Amino acid sequence: QTFVLLGLSVLTFVLMFLVPGDPAASVVVWSAGGVSQEAYQAFREMWGLDKPLHEQYLHYMGNLLRGDLGKSMVSNGPIARDLAAFFPATVELAIVSTLFALVVGIPAGIAAALYRNSLVDHATRVISLLGVSMPIFWLAVMGIYFFFFKWKILPSSQRIAISLTPPPTVTGLYTVDALLDGDLVAFKSALNHLILPSAVLALSAVALIARVTRASMLEVLRQDYIRTAHAKGVRPRTVV
């Protein structure tokens with residue numbers, strides 16, 4: 001794994017230099033509104049872009065091993081600080097997406113297996129195929145267009161309504177912190193803002209979980225102990 005990570009770091013670093021464009025010129029134009037040779041050279045020297053590629057890579061890896069991810073050109077602060085600020089939102093979204101995928105995917109797979117070759121089974125397989133095939137970024141755009149712009153059902157951005165004050169930070173998860181603070185209005189708003197992105201992220205996982213659950217159920221339903229349970233009069237719901 002160490003060699004794989006090292007190879008990925010080299011590949012990523014080299015690819016950044018193969019992409020057309022000059023990052024130094026872009027940043028100078030963006031920050032100063034124009035390119036001057038003095039500012040351009042000063043920027044390259046400050047960030048070590050005037051050094052050979054292998055020296056830049058070694059400098060980059062040295063900083064990375066010390067936990068120094070560099071400085072953000074947008075916030076003008078340490079990147080590690082920016083990542084730490086947004087990490088709780090990422091964790092919250094990942095948890096809700098996982099729960100959504102399990103709650104939807106497992107029952108869908110069970111229903112498809114129990115009603116094999118029925119309309120439910122065919123619909124589950126088609127939706128699973130579409131969920132695996134469609135790119136998430138396209139689903140996100142379609143979700144924003146229909147649920148926010150067209151139907152005005154769900155919000156498209158932010159973690160909580162701009163009219164509300166975020167709950168006091170305990171875990172960094174707005175839904176959990178709102179419950180801990182006893183603020184149900186903030187909890188409802190935070191949960192409402194999670195529905196669209198979590199559903200988009202969960203769709204591919206829903207498709208995979210439904211397909212695996214269906215295949216597993218079909219295999220188990222043919223086992224001897226299942227037929228024995230039915231023969232002894234166990235309720236079908238209990239068997240399932």
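Me: Which helix has the lowest mean pLDDT, and which the highest?
Reply: Helix α2 (residues 23-32) has the lowest mean, 70, among the elements of the chain, and helix α8 (residues 174-181) the highest, 96. pLDDT is the predictor's confidence in each residue, from 0 to 100; helices are DSSP runs (H or I, at least four residues) numbered from the N terminus. This is a predicted model, in which local features need pLDDT of at least 70 and side-chain atom pairs count only at pLDDT 80 or more, while totals for chains, interfaces and linings use all residues. Residues are numbered from 1 along each chain as its sequence is written, and side-chain values use heavy atoms, with hydrogens and water left out.

Me: What does the chain average?
Reply: The chain averages a pLDDT of 89, and 98% of the residues score at least 70.

Me: Which residues lie nearest the centre of the largest pocket?
Reply: Phe-13, Trp-47, Leu-49, Gln-56 and Tyr-60 do, out of 29 lining residues. A pocket is an open set of points on a 1 Å grid over the protein atoms alone, where a 1.4 Å probe fits, with protein on both sides within 12 Å along at least five of seven lines; lining residues have an atom within 4 Å of a point.

Me: What about the second largest pocket, which element gives the largest share of the lining?
Reply: α9 does, with 7 residues. Nearest the centre of that pocket are Phe-100, Ile-127, Ala-199, Val-200 and Leu-203.

Notes. Helices (H or I, at least four residues) and strands (E, at least two) are DSSP runs, numbered from the N terminus.
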